[in-house]
Amino acid sequence: MRIRLHTRIRTAVTGALALSLVSGCAQGDGTGASANTVTYWLWDASQQPAYQACAKDFERQNPGLKVKITQMGWDDYWAKLTASFIAGTQPDVFTDHIQRFGQFADLDVLEPLDDLGVKDADYQPGLAANWMGQDGHRYGSPKDWDTVALFYNQKMAKDAGLTADQLNGLAWNPEDGGTFEKAIAHLTVDNKGRRGDEPGFDKHDVKVYGLATNGGGDGDGQTQWSNFAASAGWTYTDKKRWGTEYRYDSKTFQSVIKWYFGLAKKGYMAPFTDYNSQSNQANTQVAAGKAAAAFDGAWMISSYEGFKGLDIATAVTPVGPTGKRATMMNGLADSITKNAHNKAGAKKWVRYLASNECQKTVGGYGIVFPATPDGTKAAVAAYRRKGIDVSAFTEPVDDKKDFATFSYPITNYAADVYALMHPAMQDVFGNGKPVSSLDQTNSQINLILDQ
Amino acid sequence: MTIASSSPPSRLPLSGAEGARTKSRTGREGAGESRGDGRLAAVFIAPALLGYVVFLLWPTLRGIYLSFTRFNLLTPAEWVGLDNYVRMVHDPIFWDSLTITVVYVAINIGVQTVSALAIAVLLQRLTQSAVLRGVVLTPYLMSNVVAGIVWLWILDTQLGIGNEIIAAVGADRIPFLADETWAIPTIALINVWRHVGYTALLLFAGLQAIPNDMYEAAKVDGAGEWRMFWRITMPLLRPVLAVVLIMTVIGSFQVFDTVAVTTGGGPANATNVLQYYIYGAAFARFQFGYASAMSVALLVVLSAITVLQYRLTRAGHTDLG
């Protein structure tokens with residue numbers, strides 16, 4: 001009996017070991033790690049077919065190499081990527097965002113890509129340069145880009161007597177808001193049918209806001225206040241890249257913020273309480289007919305175009321005090337992880353992703369603007385075939401005389417900056433805290449950057 | 001069968017051939033027997049012990065160790081002594097988080113306990129319906145995240161059906177989750193909605209243990225329901241109520257998921273409860289050392305509250321019999 005018991009224990013232990021070995025193997029298969037497979041992660045589901053097409057061409061040109069693409073939603077993406085770095089199950093290549101770049105560089109999880117031969121001139125201006133680390137090495141290869149423009153409900157604009165030309169010719173200033181504020185006020189209608197610029201307008205009983213809200217905008221204000229701040233001549237930091245001091249204490253910046261959030265106080269922009277990052281973003285407010293217009297990024301084109309029963313068009317950002325229009329131009333990149341299982345294959349794949357050939361393929365799907373000029377052209381043509389005019393997004397890149405494009409702030413401690421600016425901007429927008437309170441937040445941020 | 005026959009527990013009466021066979025094999029009672037018990041006990045305890053060590057003891061000890069380090073998960077931890085604790089004491093956001101959490105717990109536990117007690121007493125005194133007991137439990141079957149998202153949509157200021165109804169009756173829309181005054185009470189009540197049925201059932205189980213003849217005797221003496229509640233139900237339910245309170249308070253202090261899906265700690269940190277702040281420090285800012293220090297602080301606070309509650313409510317004693 002005793003022997004049998006021991007035998008059973010032994011059998012059980014052996015079984016458990018065998019099971020763990022099996023599951024270990026299964027895990028290996030799950031990440032797709034092997035000598036002839038390159039694992040690639042991205043978060044945008046709508047882009048997956050385009051990159052799948054690239055992968056097919058790549059596999060044909062590189063017999064024996066396979067690309068395994070995994071897509072997951074934005075939040076899961078970053079959580080899983082972090083976990084994968086710790087567990088050693090990271091993908092060989094992943095789509096990288098400039099906001100995370102500083103942190104990943106700090107954590108030393110990215111492979112330098114200097115030998116890929118990425119040339120600035122091959123891509124739209126600024127896209128390649130943004131992915132140079134402070135150590136002078138390249139950590140990302142340009143993939144695509146986006147800008148921000150004004151999406152508007154054509155019927156509401158027509159009812160307000162505003163033409164596309166007028167909406168594309170607006171100007172603003174932080175004193176009286178200029179023609180931009182006038183247009184937004186005119187697009188606003190209260191429940192009794194009075195427009196925002198008409199006598200008797202009730203700002204507490206608004207039916208349709210002229211401008212939707214996307215919240216406080218954290219430290220970047222990409223689709224909120226960034227185009228205004230930049231066209232007023234403000235920059236996030238003291239240097240274009242890897243700045244060491246933020247400038248949220250600037251008088252120019254604070255006057256822009258005061259005016260911008262003031263639009264909500266006047267009843268022209270949806271108030272902070274209408275915004276929810278989960279349930280009610282700017283695009284939802286436009287889709288629900290609660291707002292006539294919204295600043296949003298090129299990545300949202302398909303969403304706005306897909307609103308049932310609504311005819312949406314886009315206009316360029318307004319001219320600011322500098323005499324130029326401004327829009328944030330953000331570009332994603334492909335990065336290789338430092339502990340990639342298949343580094344050689346990963347480099348081949350990234351080189352292909354960065355090539356004109358793949359970027360033209362991706363452009364042909366009309367879902368994103370690829371980083372190379374030819375890729376962008378292919379995308380514009382594809383959008384046109386779908387009946388979508390994307391010039392409000394491409395003009396700022398082509399026309400440097402009238403437009404200024406700027407990038408996300410690229411610094412160390414981006415997550416700490418977010419943690420401080422996220423509540424601080426909500427406090428100003430939602431709780432009516434004075435903009436001068438940003439002085440203190442700015443000192444805290446700069447103290448962290450000084451470390 | 002195999003296990004039992006190879007090492008017979010000495011106190012269990014074994015009958016028939018099996019008992020005799022075992023006895024004849026081991027030959028004697030006493031030391032040998034208890035050694036056999038020890039091995040058997042080890043086999044039985046091992047899985048639970050393994051789980052305890054791997055999932056509780058080791059992480060707790062490691063968490064305490066990490067609270068004295070600077071650690072970003074990917075590079076080796078660096079010993080910094082009490083730096084994280086000094087930083088915590090001087091961190092206004094930490095103290096805000098703690099205050100917000102305490103306010104949340106007060107609203108959540110206060111409303112939940114009173115409502116659960118009322119439901120439990122009604123279930124006991126008015127109905128015996130198992131269906132009704134099932135219905136009371138329904139919200140608890142939903143995951144916290146799903147419950148949070150559903151309420152988020154219902155309460156959305158501009159589009160939520162809750163606010164549509166408020167607007168339809170002519171009142172001002174209420175920014176339940178977007179206003180700093182409303183957000184914490186709203187989250188507390190969402191969690192009351194989800195947990196109240198479960199808490200009521202726990203209390204109901206406690207009520208079942210109170211002998212019915214006490215109520216009958218009281219009735220004979222002319223006591224009404226209200227008087228019986230205060231003189232019989234409450235004193236006799238006290239030990240169960242105390243345990244339920246200790247459990248729910250600990251759970252309440254750990255609020256995280258509802259906040260994460262409804263407000264993300266906002267607006268302007270108004271719902272930045274301690275667990276959410278700890279999570280942000282660790283998983284968004286990679287400050288695992290500081291996050292560990294705050295977790296240790298939470299552990300201390302919870303232990304103190306539990307001991308205090310246990311003493312104050314004399315949870316270990318019953319007034320029955």
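**Reading a predicted model: chain A sheet and fold**

Visitor: Which residue in β2(A) does Thr39(A) stand opposite?
Guide: Strands here are DSSP E runs of at least two residues, and helices are H or I runs of at least four, numbered from the N terminus. Strand β1 covers residues 37-42 of chain A, and six bridges join it in parallel to β2(A). Two strands pair if DSSP finds at least two bridges between them. Opposite Thr39(A) stands Lys68(A).

Visitor: What kind of model is this, and how are residues numbered?
Guide: The model is predicted: local features need pLDDT of at least 70, side-chain atom pairs count only at pLDDT 80 or more, and totals for chains, interfaces and linings use all residues. Chains are lettered from A and ligands numbered from 1 in the order written, while residues are numbered along each chain's sequence from 1.

Visitor: Which are the edge strands of the open sheet in chain A?
Guide: Six strands of chain A line up as β2-β1-β3-β11-β4-β12, with mixed pairing. An edge strand pairs on one side only. The edges are β2 (66-71) and β12 (369-370) of chain A.

Visitor: Which helix packs on the sheet, touching β1 and β2 of chain A?
Guide: Contact means C-beta atoms, placed from the backbone, within 7 Å. Axes are lines fitted to C-alpha atoms, for helices over the stretch in contact; angles run from 0 to 180 degrees between N-to-C directions. The direction of this helix makes about 170° with that of β2(A). It is α2 (residues 48-61) of chain A.

Visitor: How many helices and strands does chain A have?
Guide: The C-alpha trace spans about 95 × 50 × 45 Å along its principal axes. The secondary structure of chain A comes to 17 helices and 13 strands.

Notes:
Two residues are in contact if their C-beta atoms, placed from the backbone, lie within 7 Å.
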